[in-house]
Amino acid sequence: MNSDINLTANFIPVHSVSVNAGTGGSVSSSGGSYVSGTQVTLSATPDSGYVFSSWSDGSTDQSRTITISENTTLTANFEASYTLTV
């Protein structure tokens, strides 16, 4: 080195994502740590005798892609499904 050098460190935010399944189904991802701006695809699959109802944030899309911008916790909600025979 023969002169002054200025260096700047840039840090990329990393966010925690937790994905859970309520009673009656499963989810395609359990979450993890993601760099801000990462797109994560989630899918909820109901067990036999159940139907998918919604995600805990109100979305009713059974499969969806979210863009990570903050720490996030999502739960897939399922409801029991009954067949009525008359």
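Begin by selecting strand 1 and strand 3, which pair over 5 bridges and run in the antiparallel sense; strands here are DSSP runs (E, at least two residues) numbered from the N terminus, and two strands pair if DSSP finds at least two bridges between them. The model is predicted, so that local features need pLDDT of at least 70 and side-chain atom pairs count only at pLDDT 80 or more, while totals for chains, interfaces and linings use all residues. Residues are numbered from 1 along each chain as its sequence is written, and side-chain values use heavy atoms, with hydrogens and water left out.

Within this pair, pick Val14, which stands opposite Val35 in strand 3. Now widen the selection to the open sheet of 4 strands, whose order is 3-1-7-5 and whose pairing is mixed. Strand 3 (31-35) and strand 5 (50-55) stand at the edges, and because each has a single partner strand, one side of each is left without a neighbour in the sheet. In general, strands of a sheet pair through backbone hydrogen bonds, either parallel or antiparallel.

Next, select His15, which lies in strand 1 (residues 14-21). His15 counts as buried because its relative accessibility is 13%, where buried means under 20% relative accessible area, exposed over 50%, and partly exposed in between (1.4 Å probe, protein chains only). Leaving aside neighbours within four places in sequence, the residues in contact with His15 (heavy atoms within 4.5 Å) include Gly32, Tyr34, Ile68 and Ser69. If you display the distance from the side chain of His15 to the backbone oxygen of Ser69, you will find 3.4 Å.

Move on to the open sheet of 3 strands, which are ordered 2-4-6 with antiparallel pairing. Strand 2 (25-27) and strand 6 (63-67) are at the edges, each with a single partner strand, so one side of each is left without a neighbour in the sheet.

Finally, select Asp57 and Arg64, whose side chains meet in a salt bridge at 2.8 Å, N to O, the term meaning a side-chain nitrogen of Lys or Arg within 4 Å of a carboxyl oxygen of Asp or Glu. The structure holds 1 salt bridge. Asp57 counts as partly exposed because its relative accessibility is 45%, whereas Arg64 is buried, with a relative accessible area of 14%.

Key:
A polar contact is a pair of N or O atoms within 3.5 Å; within protein, one must be able to donate a hydrogen and the other to accept it, and residues adjacent in sequence count only if both atoms are side-chain atoms.
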